[in-house]
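Here is a quick tour of the fold, strand by strand. Have a look at the structure first, then read on.

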Amino acid sequence: MPEKTYVEEYNAVLETLAKYIEGCAKADSSIMRPAFHADAVMFTTADSAVTRVPAHNALFDGIDNDFKPSNPNSAVVTVDLVGDVASARIDTDDLDGFSFTDFFHLLKAGGEWKIVAKTFYTHSTPAS
């Protein structure tokens, strides 16, 4: 079987990220779970200290328990792709009153793109 082209791989990364976006919009982690590797981590900062937590605990519990379905505006801002490694940025405005800038690292393993790390910045949604 021939290798996929760059465009095909790029589109596959976008499909993986779309699962995250849909799960956020519907406040349902079961939609985004398939996009994440079982060992995925999330990095946060508090009091200038970097904290590493399993994404499956911190992220999914937060989505399911702290948010309600909304109609946020989300966009994939950048995707950098080299071989089996990708990084991406998604901006989301007004997810249940908050806006996020998310940074992702993805790896392709077993023929599938999976998110392996997520870092984010949260800010209040500007008043309209």
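How many residues lie between β1 and β2 in their hairpin? There are two, and Asp47 in that turn has a positive phi of about 55°.

## Ground rules

This is a predicted model, where local features need pLDDT of at least 70, side-chain atom pairs count only at pLDDT 80 or more, and totals for chains, interfaces and linings use all residues. Numbering starts from 1 along each chain as its sequence is written, and side-chain values use heavy atoms, with hydrogens and water left out.

Helices (H or I, at least four residues) and strands (E, at least two) are DSSP runs numbered from the N terminus. Two strands pair if DSSP finds at least two bridges between them.

## The sheet

Reading across, the order is β2-β1-β6-β5-β4-β3, an open sheet of six strands with mixed pairing. The edges belong to β2 and β3, each with a single partner strand, so one side of each has no neighbour in the sheet. On average, neighbouring strands are turned by 20° against each other, direction ignored (axes are lines fitted to C-alpha atoms, for helices over the stretch in contact; angles run from 0 to 180 degrees between N-to-C directions).

## Strand by strand

Start with β1 (residues 36-46), which runs antiparallel to β2 (residues 49-54) over six bridges. Met42 has Val53 as its bridge partner in β2. On to β6 (residues 112-124): it pairs with β1 in the parallel sense over four bridges, and Val41 sits opposite Ala117 there.

## A buried lysine

β5 (residues 98-109) pairs with β6 in the antiparallel sense over twelve bridges, and Phe104 has Lys118 of β6 as its bridge partner. Is Lys118 buried or exposed? Its relative accessibility is 3%, so Lys118 counts as buried (buried means under 20% relative accessible area, exposed over 50%, partly exposed in between, with a 1.4 Å probe and protein chains only).

Leaving aside residues up to four places away in sequence, Lys118 touches Tyr20, Val41, Met42, Phe43, Leu59, Asp102, Phe103 and Phe104 (contact means heavy atoms within 4.5 Å).
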